[in-house]
Amino acid sequence: MNDVRAELIDGHLIFLEVPRSVHQELISELLFELKLYIHNNKGTCKVLPAPLDVQLDCNNRTIIQPDISVICQLDRLVEKGVYGAPDFCIEIVSPSSRSRDYIKKVSKYQSAGVREYWIVDPKRETVLCYFFEGEDYPHMYTFDDIIPVMIYDGKLKINFADIKDRLI
């Protein structure tokens, strides 16, 4: 989308605000945890932060920029982003993105084939986790919890209390 911070959802263009520092810190912390786990386990998945165009439905009507995308089907990585659903997406809630992250993106991610989706809400200090391959989801956690990453069968656990202690 040519250096414009925007998303296209069902043909509607939405301009994105500049992220706050806590937003960027959370992205950095989560990227580190995910990349370290993949590296230590000799995994092949790629972990990429926004801005990254994800052509979610493989059409020109929905191009989003998840804050963090984990792509394990590497043939979906193309020169300008991702063509198809990532395996795992994380969105850090901003004041202007709240309804999109909690409502629109849940159904878009699920129908496109994303396996796991987290909504990290720094204002409420909560993490809402969807594992679309499971039956008893979503699960709500707080920033005091240790949260399993289900695409890795819960073997990767992210300690949000540690992350919370490091935030500005």
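The model is predicted, so local features need pLDDT of at least 70, side-chain atom pairs count only at pLDDT 80 or more, and totals for chains, interfaces and linings use all residues. Residues are numbered from 1 along each chain as its sequence is written, and side-chain values use heavy atoms, with hydrogens and water left out.

**Exercise 1.** Work out how the rings of Phe88 and Trp118 are arranged.

- Start with the rule: rings of Phe, Tyr and Trp (its six-membered ring) pair if their centres lie within 6.5 Å; planes under 30 degrees apart are stacked, over 60 edge-to-face, and the rest tilted.
- That rule gives eight aromatic pairs.
- For Phe88 and Trp118, the centres are 5.3 Å apart and the planes meet at 75°, so call this pair edge-to-face.
- Strands here are DSSP runs of E with at least two residues, and helices are runs of H or I with at least four, numbered from the N terminus.
- Finally, ring pairs link Phe88, Trp118, Phe143 and Phe160 into a cluster.

**Exercise 2.** Check the span of helix 1 (residues 21-40).

- The expected span is 1.5 Å times one less than the number of residues.
- With 20 residues, helix 1 should span 28 Å.
- Its end C-alpha atoms are 28 Å apart, which agrees.
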